[in-house]
Every structure is written in structure tokens, then in C-alpha cells.
Amino acid sequence: MGLGHDTHRIRPGGPLRLGGIDIPHDRELIGHSDADVLLHAITDALLGAAALGDIGQMFPDTDLAHRGRDSAEMLRAALDAVRALGWRVVNLDCVVCAQRPKLLPYRQLIRQRLADIMGIEPEQIGLKGKTGESVGPVGREEAIEAMCVVLLASEM
Ligand code: MG
């Protein structure tokens, strides 16, 4: 099993790119790629589970090729590397910590999009939203965090 975590700062703007979809919002995430904090956490969980390092190693942010890059591509590339070692995804569970917006209205959409990107079923994907209780970087709307655990099974 693997654990992934990521944090990205937010700034005024929008839409909010999260979980591979664009959510209408008055803030957006800042980063070298498209800054999709949830996809980055999932990518790191997958790479961690297969002991393949991390997203920064696979896609260095010093590389101009990754600027503004679609994080779905990076997730697919990580998954390809994991599958090449004989692993398949059993399930994953994710938490997104954001003071705003509420995640619930977008939960099914994001789960479906994640399933499409990863070639699995939405039923294999848990997704929960938490606020920052108005304290800390998340609560003050300075950042959004995401966490993911993923379980892999050997195809051998
Ligand atoms: Mg990131």
C-alpha cells in the first residue's frame, strides 16, 4: 500500500482544478504543473506503493516540459510504471482539505473522472472533503491539501 500527500497554495482566480475537473470557484491553485493537488497525492501514493520514488523525481519541476502540464498525464504515466511491475489497483481512499468550496456537489464527478483516468471503476475510489475549521493554512484559504492511500495487488 502507498500513501500520498500534497499541498498547493491558492490565489484569487479560478476555476479550481481539482481531481481532473474544473470547479467553478473564485480561487485557483498555484504550481508548476496544473497544480492539481488531488492528482498529485494519488500519483505519489501509487509510486510509493510500488517503491518507485515520488512525483518530484519522475517529473522534476526544474524541467520546463512539466510547466502547466496536465496532471492526469503524470498520473497515467505513474500508473503505467506501477502496472509494468505487475501491480493492479485494488482501491484508493482520498481526503481533500479545503475550507472552500464544498466538495460534496462534485464528489461523483471527480470519482468518475479519476476512474476514467486510471482505468478503474468509481466504486474503487473513496473521496472525502474536510474543511480546515477556519484555522491554519487550509482554514485561512491559503492552501488546499490532499491525501491518498492506495492498495495494490500483485497480478503475478
Ligand atoms: Mg503538487
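Okay, ground rules. What you have is a predicted model, where local features need pLDDT of at least 70, side-chain atom pairs count only at pLDDT 80 or more, and totals for chains, interfaces and linings use all residues. Residues are numbered from 1 along each chain as its sequence is written, and side-chain values use heavy atoms, with hydrogens and water left out.

Let's start with the metal. Which residues are the protein donors of the magnesium ion? They're Asp6 through OD, His8 through NE2 and His40 through ND1, at 2.1 to 2.2 Å from the ion. A donor here is an N, O or S atom within 2.8 Å of the metal (3.2 Å for Na, K and Ca), and water is not among the atoms, so sites may look incomplete. Along the sequence the spacing reads D-x1-H-x31-H. Asp6 sits in strand β1, residues 2-12, and His40 in helix α1, residues 37-49, so the pair, 34 residues apart, links distant parts of the chain. Helices (H or I, at least four residues) and strands (E, at least two) are DSSP runs, numbered from the N terminus.

Are Asp6 and His40 buried or exposed? Asp6 counts as buried at 16% relative accessibility, and His40 counts as buried at 8%. The cut-offs: buried is under 20% relative accessible area, exposed is over 50%, and partly exposed is in between, with a 1.4 Å probe and protein chains only.

On to the helices. The axes of α1 and helix α3, residues 71-84, come within 9 Å and cross at roughly 10°. Those axes are lines fitted to C-alpha atoms, for helices over the stretch in contact, with angles from 0 to 180 degrees between N-to-C directions. α1 and α3 are therefore roughly parallel; that label covers angles under 35 degrees, with over 145 roughly antiparallel, 65 to 115 roughly perpendicular and the rest oblique.

Leaving aside neighbours within four places in sequence, Thr43 is in contact with Ile55, Met74, Leu75 and Ala78.

Last one, Thr62, in the loop between α2 (55-58) and α3. At 71% relative accessibility, Thr62 counts as exposed.

Methods: Contact = heavy atoms within 4.5 Å.
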